[in-house]
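User: I am new to this structure. Please take me through it in short questions and answers.

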Amino acid sequence: MHDPMLSVENLVTHFPARASEAGRGKAVIRAVDNISFSVSAGETYALVGESGCGKSTTARSILRLIEPTAGSVRFRGTEVTACTGRALRALRRDMQMVFQDPYSSLNPRMTVAQIVAEPLIVHRMASRSEARDRTVKLLDRCGLDRRYADRYPHAFSGGQRQRVVIARALATSPKLVVADEPVSALDVSIQSQIMNLLCDLQEEFGLAYVLISHDLAVVRHMADRIGVMYLGKLVEQAPVDEFYRNPKHPYSRALLSAIPKHRPGDASARIVLTGEVPSPTNPPAGCPFHTRCPHVMPRCHTEGPKTSTNAAGHSVACHLFDEDSNDS
Amino acid sequence: MGKIIMPRYLRSVARDPRVIAAHLVLALIVVAALLAPLATEPALRQQLSDSLDPPSLFSATTTRGALLGTDSLGRDLGARLLLAIRVSLTVGALAVGVACLVGTVLGLLTGYFMGWFDNLVMRIVDALLSLPFVVLAIAIVAAIGPGLVNVAMVLGLTGWITFAKLVRGEVLRLRQLPFVEAARGIGCSHLRILFLHIAPQITGIVLVTITLTFGQMIIAEATLSFLGLGIPPPTPTLGGILSGAQDTFFAAWWIVAFPGITLMLIVLSVNIIGDFLRDYFDPQINHLSGRKKRKRPAKNVEVPNRHGIETR
């Protein structure tokens with residue numbers, strides 16, 4: 001197998017917990033707890049999971065917007081976690097981010113043209129007039145009229161702002177774009193436009209995406225591979241078709257069963273999970289999902305499941321699949 | 001640059017009569033201050049026989065014929081007022097300049113970088129806040145002596161706290177916002193983020209604080225002069241004239257009224273202009289079509305598809 005563009009190995013990000021939340025001692029919030037995955041060039045890798053499971057923290061840790069506690073992130077042969085200062089900033093030329101909220105991720109005091117041109121200026125990739133040309137082209141490509149280039153962000157709608165955010169992310173011709181819930185703050189009608197834009201741009205520029213989402217419909221439309229997170233851990237990874245056809249982990253099955261059905265009377269029953277997500281300050285021993293799992297076994301309480309991978313690249317961390325890990 | 005900016009500024013000013021008035025009053029006061037050297041001689045000449053002569057403007061029984069009357073030493077109040085305006089404006093501007101520069105820079109740095117430097121500066125702020133202003137002023141003036149520049153320094157070195165605390169609080173809030181994170185993600189350096197992304201967001205509150213502080217500084221200078229810690233006589237200051245009028249207040253209303261009105265006009269017009277400037281520099285407020293839309297409704301229709309800018 002060829003070298004992946006981005007490989008994340010045993011990534012851990014802990015935050016110090018406030019004393020009031022943690023009792024005493026050196027308690028931490030285990031936001032991301034030992035995650036490994038890789039993304040190839042031109043591929044879309046989706047991270048899904050419910051609120052608070054560590055998706056966004058993972059994304060920010062990869063880009064070093066949050067300092068990871070341990071583990072390794074390799075991007076095109078460079079160890080991201082070891083970079084400092086200038087080297088890190090140079091690296092950011094090739095890995096950009098699209099943010100969830102297009103209302104607060106644009107500087108209200110800069111015009112759209114200045115916002116999109118800034119990465120070019122920062123990385124000294126263009127003179128001012130060249131930057132202007134490229135900015136106009138990028139805005140055009142992202143579906144914004146050049147007449148609006150000198151307006152401030154407040155004059156735009158949410159969907160248009162997200163187009164600006166995407167144009168900014170593409171300014172330096174990055175290889176990897178981390179998109180943190182790129183469409184969840186938008187109206188449904190706008191969501192599909194932005195998703196299509198992202199897909200078109202991926203094809204045109206050969207981008208790799210790490211797509212963070214809680215919307216399984218979005219993920220199915222865009223992703224090549226999918227990783228399901230629960231309580232800071234990756235519980236299942238699979239190619240997207242395989243995942244929707246044959247979800248293995250009980251948590252993944254519950255997630256998929258929660259998608260509203262198109263046809264009334266569709267056969268598959270909804271799996272309703274009981275209880276709450278345990279606190280990441282004090283995760284349960286053994287399998288993190290055992291407190292809510294419908295198939296819980298005695299060993300789940302004490303023993304963490306190993307990740308088993310089959311030939312199709314479908315891996316799952318669950319004791320149910322320990323024995324028959326070689327057939328799918 | 002000027003060609004483009006000035007008409008826009010003037011058109012914005014013209015939208016609000018209060019702002020026009022404030023600009024005119026301030027311009028008048030500045031012109032008065034500039035003309036003040038002409039009045040030095042009558043302002044300092046004492047003539048006790050003309051003591052407390054009423055203003056010739058309002059009274060027929062005047063002996064000296066001074067337009068705004070004379071003070072208890074027979075000096076021309078109008079001339080003294082011109083000189084006092086000059087001194088007060090200078091002290092106010094110097095003091096606010098020092099306070100704003102020191103306070104804003106420290107506020108930006110402490111709020112953005114936090115850590116030990118923040119702790120150090122904030123403990124200094126706490127220490128300064130625990131001392132009453134007058135005690136602090138006495139200590140500093142005792143050390144460096146009275147005089148115009150020294151008074152401005154005393155005021156500036158106590159006034160920066162307001163700016164530092166305000167700016168630090170804003171920066172603490174702003175640095176959490178996604179667009180700052182986005183700037184880091186783009187690859188901006190810390191200094192670029194601080195001065196290009198964060199600093200422009202606080203110009204509004206800093207401008208308003210400058211105008212509010214400017215008034216306070218002029219009044220504080222008066223306080224210091226009153227206590228003998230300010231600018232020593234015979235140099236007239238607005239505060240100095242006011243405090244000197246205490247004994248003769250019931251006999252000579254003009255010595256209190258004219259400096260008081262001048263002080264009020266300066267502070268009021270500076271505050272109005274400050275409010276105006278805050279709006280002027282805020283791109284979210286369309287100051288040309290914003291406030292008085294109904295007067296020119298046709299203009300708004302011309303531009304197709306004005307996203308987000310609603311025309312009520």
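## Where the two chains meet

Analyst: This is a predicted model. Putting chain A and chain B together buries about 2500 Å², with carbon and sulfur atoms giving 54% of that area.

User: How many residues of chain B are in contact with chain A?

Analyst: Contact here means heavy atoms within 4.5 Å. On the side of chain A, 29 residues take part. Their partners in chain B number 26.

User: How many salt bridges are there between chain A and chain B, and which residue of chain B pairs with A:Arg60?

Analyst: The count between the two chains is 2 salt bridges. One of them joins A:Arg60 to a glutamate of chain B, with the closest N and O atoms 2.6 Å apart. The partner of A:Arg60 is B:Glu181.

User: How many residue pairs are in polar contact across the interface of chain A and chain B?

Analyst: Pairs are counted where both residues are at pLDDT 80 or more. Under that rule, the interface of chain A and chain B has 10 residue pairs in polar contact.

User: Which element of chain A gives the most residues to the side that touches chain B?

Analyst: Three elements of chain A give two or more residues to this side: strand S6 (95-98), helix H4 (112-122) and helix H6 (158-170). The top contribution is 4 residues, and it comes from H4(A).

User: By class, how many residues on the side of chain A that touches chain B are nonpolar, polar and charged?

Analyst: Sorted by class, this side of chain A includes 9 charged residues and 7 polar ones. The nonpolar residues there number 13.

## Inside chain B

User: How many helices and strands does chain B have?

Analyst: From the N terminus on, the elements of chain B run α-α-α-α-α-α-α-α-α-α-α-α-α. The totals are 13 helices and 0 strands.

User: What share of the contacts in chain B, at a separation of 6 or more, joins residues 24 or more positions apart?

Analyst: Chain B has 312 residues, and 46% of them are buried. Among its contacts with a separation of 6 or more, the share joining residues 24 or more positions apart is 70%.

User: Is helix H4 of chain B largely enclosed or open, and why?

Analyst: Helix H4 of chain B covers residues 77-113, 37 residues in all. From first C-alpha to last, H4(B) reaches 52 Å, close to the 54 Å expected. Just after H4(B), B:Met114 takes a positive phi of about 50°. Because 26 of the 37 residues of H4(B) are buried, the helix is largely enclosed by the rest of the structure.

## Two residues of chain A

User: Is A:Ser56 buried, partly exposed or exposed, and which side chain does its own side chain meet in a polar contact?

Analyst: A:Ser56 sits in helix H2 (residues 55-62) of chain A. Its relative accessible area is 27%, so A:Ser56 is partly exposed. Beyond four places in sequence, A:Ser56 touches A:Asp180 and A:Ile212. The polar contact, at 3.0 Å, is with the side chain of A:Asp180.

User: Is A:Thr135 buried or exposed, and which backbone oxygen lies 2.6 Å from a polar atom of its side chain?

Analyst: A:Thr135 lies in helix H5 (residues 128-141) of chain A. At 1% relative accessibility, A:Thr135 is buried. Leaving aside neighbours within four places in sequence, A:Thr135 contacts A:Ala113, A:Val116 and A:Ala117. The backbone oxygen 2.6 Å from a polar atom of the A:Thr135 side chain belongs to A:Ala131.

Definitions and conventions: Residues numbered from 1 in each chain as written. Chains lettered and ligands numbered in written order. Heavy atoms only, no water. Buried area = accessible area lost by both parts, 1.4 Å probe. Salt bridge = Lys/Arg side-chain N within 4 Å of Asp/Glu carboxyl O. Polar contact = N/O pair within 3.5 Å; in protein donor to acceptor, adjacent residues only side chain to side chain. Nonpolar A, V, L, I, M, F, W, Y, C, P; charged D, E, K, R; others polar. Expected span 1.5 Å × (residues − 1). Buried < 20%, exposed > 50% of the residue type's maximum accessible area, 1.4 Å probe, protein only.
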